[in-house]
Amino acid sequence: MVAISKPPLEQLFVKPCKPNNNNSPSFPTIPLIDLSKSESKQLLVKACQDFGFFKVVNHGVPMKLISKLESEAVKFFSSPLSVKQKAGPPNPFGYGNKLLGQNGDFGWVEYLLLNAKLDSDNKNPTLSFFEEHPEKFQSLVNDYVTAVKKMACDILELLADELKLQQRNVFSKLLMDEESDSVFRLNYYPPCPELQEHEPKGRKLIGFGEHTDPQIISVLRSNNTSGLEISLRDGSWMSVPPDSNSFFINVGDSLQVMTNGRFKSVKHRVVANSVKSRMSMIYFGGPPLSEKIAPLPSLMEREEASLYKEFTWFEYKKSAFNSRLSDNRLGRFEKKNLVVLS
Ligand code: GA4
């Protein structure tokens with residue numbers, strides 16, 4: 001058994017990186033997409049190519065459902081540790097505190113990882129800690145997952161349309177499949193008062209370390225506390241202004257592969273706040289374990305070389321879960337194409 005000690009706060013500070021100038025007129029802004037508008041398709045494709053990240057409004061997910069689930073989640077994270085631990089250690093589903101994954105990554109975060117499969121027979125930890133209404137929480141999660149999955153599928157179909165793919169459900173069918181390997185995550189970032197001493201010097205404490213998501217698409221909703229940052233092409237980090245009425249969408253590694261690198265799986269992280277807590281709820285839409293992931297032949301131009309070796313989602317997931325958060329997980333699946341210069 002590997003004994004993992006608690007991380008001293010010092011280890012959770014992020015390495016300083018080059019500052020970016022958020023006030024400069026050339027500084028990019030997060031693409032904002034109104035899903036009720038007909039021009040959303042083009043904007044979606046552009047956002048996936050330029051950033052692998054965007055914000056959506058008019059998403060159709062009822063605000064009442066979002067706030068009900070959020071308040072149940074707040075109740076859960078405010079419970080005594082002994083109550084939260086009833087959900088079991090994340091293996092892979094369960095309650096976790098500071099330790100992320102199995103390979104020694106830490107962050108200033110508590111979380112609950114759940115199977116997003118909606119049948120009653122799934123492998124979720126017992127949700128008995130919701131003493132009064134245990135089934136209420138499960139049914140809220142189910143309703144919420146159903147709604148965000150529908151939105152994710154609508155977005156994936158608009159993308160397939162705009163890419164002129166014959167089958168507009170080529171991506172969405174992977175999430176709709178009964179065997180879809182999707183995950184639902186609640187992240188609670190408690191305030192860290194000690195951080196106040198470090199903030200004037202510009203030091204940031206890591207909540208969730210930098211990483212890309214291995215799945216196809218991720219749908220994130222948070223309360224109004226800042227913390228999420230995305231990595232820009234020049235290597236700088238851009239802080240994403242929070243917006244509790246909208247959803248933020250990430251392209252995952254698998255969608256990057258299926259589009260042969262046209263869409264970018266965005267590197268992102270969360271930094272802790274010294275005064276306010278941050279709560280986020282994320283649906284990670286993944287394919288069935290047996291699904292073969294490779295660039296779509298119908299998307300490839302004549303003579304275009306595939307940038308990736310084919311793999312099953314099972315193979316990729318296994319390799320991802322053996323990696324550290326910041327590893328370049330796609331690296332070992334990249335093809336080393338030789339360019340012959342004549
Ligand atoms: C990142 C996206 C999802 O949160 C997650 C994470 C998973 C975990 O927390 O167990 C991983 C991480 C995520 C990628 C690398 C591995 C696995 C932690 C980690 C160090 C649930 C997922 O699918 O991959």
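Modeller: Some terms come before the part itself. A residue is buried under 20% relative accessible area, exposed over 50%, and partly exposed in between, with a 1.4 Å probe and protein chains only as cover. Strands (E, at least two residues) and helices (H or I, at least four) are DSSP runs, numbered from the N terminus.

This is a predicted model: local features need pLDDT of at least 70, side-chain atom pairs count only at pLDDT 80 or more, and totals for chains, interfaces and linings use all residues. Residues are numbered from 1 along each chain as its sequence is written, and side-chain values use heavy atoms, with hydrogens and water left out.

The part is strand 4, residues 105-115. Look at the two faces in turn. Asp 105, Gly 107, Val 109, Tyr 111, Leu 113 and Asn 115 point one way. Phe 106, Trp 108, Glu 110, Leu 112 and Leu 114 point the other way. Both sets are buried. In a regular strand the side chains alternate between the two faces of the sheet.

Now the neighbours. Two strands pair if DSSP finds at least two bridges between them. Strand 4 pairs with strand 3 (residues 94-100) in the antiparallel sense, over six bridges. Strand 4 is also joined to strand 5 by six bridges, again antiparallel. There, Tyr 111 stands opposite Asn 187 of strand 5.

Strand 3 and strand 4 form a hairpin with four residues between the strands. In that hairpin, Gly 101 takes a positive phi near 70 degrees. Leu 99 belongs to strand 3. Phe 106 in strand 4 is the bridge partner of Leu 99. Leu 99 is partly exposed, with a relative accessible area of 26%.

Another covered strand is strand 10, residues 247-251. Five of its five residues are buried, so strand 10 is largely enclosed by the rest of the structure. Phe 247, Ile 249 and Val 251 point one way, and Phe 248 and Asn 250 the other. Strand 10 has antiparallel pairings with strand 2 (residues 53-57), over four bridges, and with strand 7 (residues 217-222), over four bridges. Phe 53 stands opposite Asn 250, and Asn 250 is the bridge partner of Ser 218.

Strand 2 is mostly covered too, with four of its five residues buried. Strand 1 (residues 32-34) runs parallel to strand 2, and three bridges join them. Asp 34 has Val 57 of strand 2 as its bridge partner.

Next, the charged pairs. A salt bridge is a side-chain nitrogen of Lys or Arg within 4 Å of a carboxyl oxygen of Asp or Glu. Side chains of opposite charge can pair when their charged atoms come close. The structure holds 18 salt bridges.

Lys 317 bridges to Asp 181, with the closest N and O atoms 2.9 Å apart. The pair links distant parts of the chain: Lys 317 sits in helix 7, Asp 181 in the loop between helix 5 (172-176) and strand 5, 136 residues apart. Lys 317 is partly exposed at 23% relative accessible area, while Asp 181 counts as buried at 13%.

Glu 210 and Lys 267 meet in a salt bridge of 3.3 Å, N to O. Glu 210 lies in strand 6 (residues 206-211) and Lys 267 in the loop between helix 6 (253-258) and strand 11 (268-271), so the pair ties together parts 57 residues apart in sequence. Glu 210 is partly exposed at 27%, and Lys 267 is partly exposed at 36%. There is a network as well: salt bridges that share partners join Lys 41, Glu 157, Asp 161 and Arg 168.

Lys 150 forms a salt bridge with Asp 154, the closest N and O atoms being 2.7 Å apart. Both lie in helix 4 (residues 134-162), four residues apart, about one turn of the helix. Lys 150 is exposed at 52% relative accessible area, and Asp 154 is partly exposed at 34%.
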